[in-house]
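Here is a short briefing to read with the model open beside you. Take it topic by topic and find each spot on screen as you go.

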Amino acid sequence: MQSNNGYYGEFGGSYIPEILYASQQQILHAFEEAKNDPEFIAELKDTWQNYSGRPTPLTFCKNLTDHFGGAQIYLKREDLNQSGAHKMNNVIGQALLVKRMGKKRVIAETGAGQHGVATALISARLGLECTIYMGAKDVKRQYPNVFWMKQLGATVVPVEEGAQTLRDALDEALRDWSSSHEDSHYLIGTTCGCAPFPEMVAYFQSVIGEEVKEQSQAQFGQYPDRLYACVGGGSNACGLFLPFLEEKNVEMVGVEAGGKGLELGQHSIRLSNGLGQKGIAQGFATMFLQDDNGQLQETHSIAAGLDYVGVSPIIAHLAQEGRIQMTYAMDDEVVEACSLLLKKEGIIPALESSHALAGAFKDAPNLPKESRIVINLSGRGDKDIFNVAKAMNDLTFPEFLENYMADYNEHLSDNNQGEA
Amino acid sequence: MSQLAQYIADKRQQKPILSMTHVVYGYPTVQESLDWMATLLEAGADFIEVQFPFSDPVADGPTIVAACHGALHDQQLTVEQCLSDIGQLGRDYPQSRIALMSYLNPMYRYGLEKLVKRCAEENIQGLILPDLPYEQATELRSYCDTHGVDPVWLVTPVTPKDRLAFLASEARGFLYCVARSGVTGNSNHNGGERQSLDEYLAEINSHANAPIGVGFGIREKAHVDALKGKADVAIIGSALLDAYNKGGKEEGLKLFNGLFNA
């Protein structure tokens, strides 16, 4: 979606410290040139296909469809990307742009670690130095991803400021960029931040919706009636929705994280129920969760990737216009939806994507049998094994961890004795 | 000439360089921060740059970030109360001036028009918002023109030359020159830049339509002395806060006196 000089209605823009002006302009121009350069586009498509495995399938879910007895349910399988999430589409695009700009280092923020891992993967492949900022709390919660980032050669910096989550990681990444902009690129992971990041990330993610257009035509001869995506920063939702924007018959539903309840601090609902308010922070204008004095607030979701205080200015604008309908799913509904997909279709969804499932499952029984819905399965759930085990109150999991720890410690002490 | 520029010009008749000291409002408490400001004014600070804390201060380094978070931790700070408090301080020390610094969001929530009007009422003549670039500030500039408050623009060593010339010519009150890349608090004073600080300031001076303030990285008397004859105001922030954190008002005052009254 083309912005109006960086704005989408009243949202977006570029509110950055003066020190970043020149670098921001450089990205703006490099992106404009690159997207009009057939060689760049060819390399992008080649990397998407041969490194990340695109196009990803559009999978019909017969069992789920029968289960609900309403709309025919399809999943867009972004979980099958290299790295296990749609994040890969964007990092490939931006990393190729980094090479084009002649920069040698990338900085990224990450919440759950999915964008961090994706950035570390592409950096390893393209020979870029990579620094990942991650809230200290998230480092603890999502250690397996931290482990892989380090193995991939990235430097992971735990951010001890503030609430030690994604918002703080983003602030810290911006600070790094303020000192390192001459040789570093801020590889932002979602459709947020100053212009042109929302537009650029949405551009790279739009491959999702473009493929759905072709695949839906091929599989059932028309476009879907409704689309569902979870909305954290908004990148997978932008990716699925934006190519369908002009198709007036295609309805779009964004699902935010209802968390544990609607009190401030318990959820990440910015775009419905009047919970978010317009603000300008972290480089752009959008709907933020904030108090009356304009201080940004804590958020919560069982899915770390949706646990963010702001939201894409593109989604905020389309929601305000009524083009996208916004809803939310609570933590427990999300775990139920995840469980249902496991059992009915043999697919392990990420908890982020399970929000889209939960939103769609509420509507599916009430939709006509001949209607077709596409749910963006933005990521796979392997990374959530610890959280899902806990949410499902699985009693054997702690036993596994204890055994694993005992074995690990034995292994370490054997090694130490071997060295002595 | 704006009130603020006039003030600087007049004071510069008596002093080779003016001092601007940065204090975070509400850190560690509102009263302690106001006492600290009064102490600095008593010691002859020409300006206090009062930072109204924001939860996400992206242009600041660790020292100031920690102070902002500390200030917001256990208390509700309101812009209204801050303006009243620092307005009173300004009336208590009429020989000095107070500038308000913050990030856009708390100010936006308070209302930009109301903010500028209230600043004028409290004789706060300068407004520094590091995440509001000139291009995005059309509204704010018009309110400032109406009420005689100066929006303070920042330039940096990596600001493109034509943009630097433009911002310098648009300067009101004073132009805030960042001495190096990065966030506040880094001690590497203009280190490793392609251009020397002198050349950078000369370039700015050739375009500037207002006095020049220099900040970011000033920690020693030599840094302040190096600005004499090239700039009008030396701005100290993180170094002063570091001293204050180390030994309270006494340590902070020692640094201030060492830099400006020695």
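In what order do the nine strands of the open sheet in chain B lie, and is the pairing parallel or antiparallel? The order is 5-4-3-2-1-9-8-7-6, and the pairing is parallel. Please keep in mind that this is a predicted model.

**The sheet of chain B**

- The edges of this sheet are strand 5 (150-151) and strand 6 (154-155) of chain B, each of which pairs on one side only.
- Strand 1 of chain B runs parallel to strand 9 (residues 233-236) of chain B, and four bridges join the two.
- One place to look is B:Ser19, whose bridge partner in strand 9 of chain B is B:Ala234.
- Helix 11 (residues 238-261) of chain B lies across strand 1 and strand 9 of chain B, and this helix runs at about 170 degrees to strand 1.

**The largest nonpolar core**

- In soluble globular proteins, nonpolar side chains tend to be buried together.
- The largest nonpolar core here has 230 residues, and B:Phe174, B:Leu175 and B:Ala234 touch the most other members.
- Helix 11 of chain B gives this core its largest share, ten residues.
- Chain A takes part too: domain 1 (7-50 + 86-201) and domain 2 (58-84 + 207-387) of chain A each supply at least three residues to the core.
- B:Ala234 is worth a click: beyond its neighbours within four places in sequence, its contacts are B:Ile17, B:Ser19, B:Met20, B:Val214, B:Ile218, B:Val224 and B:Leu227.

**Where chain A meets chain B**

- This contact involves 25 residues from chain A and 32 residues from chain B.
- On the side of chain A that touches chain B, helix 1 (21-35), helix 8 (166-180) and strand 11 of chain A each supply at least two residues.
- Helix 8 of chain A gives the most to that side, with six residues.
- By class, the side of chain A that touches chain B has ten nonpolar, ten polar and five charged residues.

**The two domains of chain A**

- Chain A is assigned domain 1 (7-50 + 86-201) and domain 2 (58-84 + 207-387).
- The centres of domain 1 and domain 2 of chain A, taken over C-alpha atoms, are 22 Å apart.
- Their contact takes 38 residues from domain 1 of chain A and 36 residues from domain 2 of chain A.
- Elements giving two or more residues to the domain 1 side include strand 2 (11-12), helix 5 (114-126) and helix 8 of chain A.
- The side of domain 1 of chain A that touches domain 2 of chain A holds 18 nonpolar, 15 polar and five charged residues.

**Backbone spots to check**

- A cis peptide bond, with omega about -5 degrees, joins A:Arg54 and A:Pro55; A:Pro55 sits in the loop between helix 2 (38-50) and strand 3 (58-60) of chain A.
- In chain B, B:Tyr27 and B:Pro28 are joined by a cis peptide bond with omega about -5 degrees, and B:Pro28 lies in the loop between strand 1 (18-24) and helix 2 (30-42).
- A:Ser83 is not a glycine, yet has a positive phi of about 85 degrees; this serine is in the loop between strand 4 (72-77) and helix 4 (87-101) of chain A.
- A:Ser83 counts as buried because 23 other C-beta atoms lie within 10 Å, the cut-off being 20 or more.
- A:Asn273, also not a glycine, has a positive phi of about 60 degrees and belongs to the loop between strand 10 (251-259) and strand 11 (277-281) of chain A.
- With 14 other C-beta atoms within 10 Å, A:Asn273 is partly exposed.

Definitions and conventions:
Residues numbered from 1 in each chain as written. Chains lettered and ligands numbered in written order. Predicted model: local features only at pLDDT ≥ 70, side-chain atom pairs only at ≥ 80, totals over all residues. Buried ≥ 20, exposed ≤ 12 C-beta atoms within 10 Å, placed from the backbone. Pairing = 2+ DSSP bridges. Contact = placed C-beta atoms within 7 Å. Axes fitted to C-alpha atoms, helices over the stretch in contact; angles between N-to-C directions. Nonpolar A, V, L, I, M, F, W, Y, C, P; charged D, E, K, R; others polar. Core = buried A, V, L, I, M, F, W, Y, C linked by C-beta atoms within 7 Å. Domains from an automatic or database assignment.
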